[in-house]
Amino acid sequence: MSDSAPGKLLVVEDNASLAENLVEILAEAGYSAAAAGDCRRARELAAAGLDVALVDLRLPDGDGISLARELRELSGDSQVVLLTGFASVESAAAAVRAGACAYLVKPCATPDLLLTVDQAMRQVRMHRERQELRIRTAAAERLATIGTLTAGLSHEIRNPLNAAGLQLSILERRVRRLPAGADQTALLGPLSLVRDEIDRLEHILQDFLQFARPREPLTRPVPVATLVEKVLDLLEADAERRSIRIERSLRAQKPIAGDEEQLRQALMNLAINAIEASPPGRSVRVASSDEAARVRIDVDDSGPGVPAELRHRIFEPFFTTKASGSGLGLPIVHAIVTQHGGEIVVAEAPGGGARFSLVLPTA
Ligand SMILES: Nc1ncnc2c1ncn2[C@@H]1O[C@H](COP(=O)(O)OP(=O)(O)O)[C@@H](O)[C@H]1O
Ligand SMILES: [Mg+2]
């Protein structure tokens, strides 16, 4: 899960005009770059997030090599490129010892600079992806071990729950048949609360069983527009109740290769989250588009977005920030998408809010 935010670069260089020049070149290349004239300022800026730092060897309040080490400790997956005034084997060796991934000799030519930064960014992304994969694999393994056991337990819970639901219906019917004058409302209120709780438990069980025992997908060509329309039509009433508009922009032409029911479930989980995250009066936007041999479906909302530090946790089973959430919606999406050879990506939506993108192979 990588987001598409521009790389965060930091140029630590006491020669202000050189620093400014580098920042300008990097900004033109699409990076978000800032300059620091000394170690103190560099630490401050790096604390707000860092991908790649370009660090001068000699700084007014310290040396670049120790700063490089410090920055790498501060942000474990960032990379450092050292800037040196002269080429020497010594400075190269020192750079590597300090954990720098490369060094550039000043004044560096633009193509060299961009190539080096590009490679460093690639390392940052690879490192993050590997990290995320490790976390997800560990979560999947944990779940597989307990999966069978808890799936059995869920079935065991389902039977008494169904029985309770049935008895509740009988009770509701009898209350409605009470002679006029009896206080029906006082009795029906608590009954309906119990009904809601039973429904909620059933929902959680259903989610859980689907997650613990996913069936093999039946792969067929699935037309994207129909898939999205079906899901959104189902959610329209719910959205309206919350005064949320659902906007559609369906441009994908190619069908997805997949299991329609599972894909619908994945999209449904994302759309429900988007509706739940958006404040009344705002909108949820669903867009589909063709992308080489893949189809992309973006679900954008008008909520607060997903904080960076939660982005890897939200796919963990049972992770939820909602009072009555199951924390299984996104793990189910992830399992379905992975089984389809696709990807799910979290980013920030263009107008703020969260963007969850499904990228799936075409038929
Ligand atoms: N569109 C969204 N905007 C902000 N946060 C989200 C969004 N979708 C999911 N999340 C976060 O991810 C968590 C897990 O989501 P999910 O697996 O669907 O479980 P649940 O919805 O039951 O909490 C949510 O509790 C929420 O913190
Ligand atoms: Mg959810």
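1. A word on conventions. This is a predicted model, in which local features need pLDDT of at least 70, side-chain atom pairs count only at pLDDT 80 or more, and totals for chains, interfaces and linings use all residues. Residues are numbered from 1 along each chain as its sequence is written, while chains are lettered from A and ligands numbered from 1 in the order in which they are written.

2. Which residues of α1 are buried? They are Ala 19, Leu 22, Val 23 and Leu 26. Seen down the axis, the buried residues fall within an arc of 100 degrees, so they line one face of α1; the arc is taken from the directions from the helix axis to the C-beta atoms. On the other side, Ser 17, Glu 24 and Glu 28 are exposed. Buried means 20 or more other C-beta atoms within 10 Å of the residue's own, exposed 12 or fewer, and partly exposed in between, with C-beta atoms placed from the backbone. Just after α1, Gly 30 takes a positive phi of about 100 degrees.

3. The axes of α6 (residues 184–212) and α9 (residues 329–339) come within 10 Å and cross at roughly 30 degrees. Axes are lines fitted to C-alpha atoms, for helices over the stretch in contact, with angles from 0 to 180 degrees between N-to-C directions. That makes α6 roughly parallel to α9, a label for angles under 35 degrees. The contact is made by Asp 207, Gln 210 and Phe 211 of α6 and Pro 331, Ile 332 and Ala 335 of α9; contact means C-beta atoms, placed from the backbone, within 7 Å.

4. Helix α8 (residues 260–277) also meets α9: their axes come within 9 Å and cross at roughly 145 degrees. Among the contact residues are Ala 266 and Leu 270 of α8, and Ile 332 and Val 333 of α9.

5. Do look at Leu 50, in the loop between α2 (39–46) and β3 (52–56). Leu 50 is buried, with 23 other C-beta atoms within 10 Å. Not counting residues up to four places away in sequence, Leu 50 touches Lys 8, Leu 10, Leu 71, Ser 75 and Ser 78.

How values were computed. Helix = DSSP H or I, 4+ residues; strand = E, 2+ residues; numbered from the N terminus. Parallel < 35°, antiparallel > 145°, perpendicular 65-115°, else oblique. Contact = placed C-beta atoms within 7 Å.
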